[in-house]
Amino acid sequence: MPTLALLLGAAWGWWPSAGIEYVAFAVNVVLLFARGLFTARAAGRTWGSALKIGMVDALLGLAVVVANAVIK
């Protein structure tokens, strides 16, 4: 939903649409990190391991984007 809100906001002229895909990409990477972090904390992990899990989630998201770019 956050990505949809960003893209719709750009389409409706709330902010410039130039470069909005980079902003949406960054927002999604941050969301992957945050969800990994908070889920790991909810599962009882320490802060150190939760940060590592969040980083791995974000890196997996980046890997998917890179793989998609290579395939196309």
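This report describes the confidence of a predicted model and the aromatic rings within it.

## Model and confidence

The model is predicted: local features need pLDDT of at least 70, side-chain atom pairs count only at pLDDT 80 or more, and totals for chains, interfaces and linings use all residues. Residues are numbered from 1 along each chain as its sequence is written, and side-chain values use heavy atoms, with hydrogens and water left out.

The chain has a mean pLDDT (the predictor's confidence in each residue, from 0 to 100) of 93, and 100% of its residues reach 70 or more. Confidence is lowest in helix H1 (residues 2–11), with a mean of 88, and highest in helix H3 (residues 47–71), at 96. Helices here are DSSP runs of H or I, at least four residues long, numbered from the N terminus.

## Aromatic pairs

Two aromatic pairs are present in the structure. The ring centres of Trp12 and Trp14 lie 5.2 Å apart with planes at 65°, so this pair is edge-to-face. For Trp14 and Trp15, the centres are 6.0 Å apart and the planes stand at 70°, so this pair is edge-to-face. Rings of Phe, Tyr and Trp (its six-membered ring) pair if their centres lie within 6.5 Å; planes under 30 degrees apart count as stacked, over 60 as edge-to-face and the rest as tilted.

## Cluster and exposure

Trp12, Trp14 and Trp15 together form one aromatic cluster. Trp12 is exposed at 54% relative accessibility, and Trp14 is exposed at 57%, whereas Trp15 is partly exposed at 32%. Buried means under 20% relative accessible area, exposed over 50%, and partly exposed in between, using a 1.4 Å probe and protein chains only.

Methods: Helix = DSSP H or I, 4+ residues; strand = E, 2+ residues; numbered from the N terminus.
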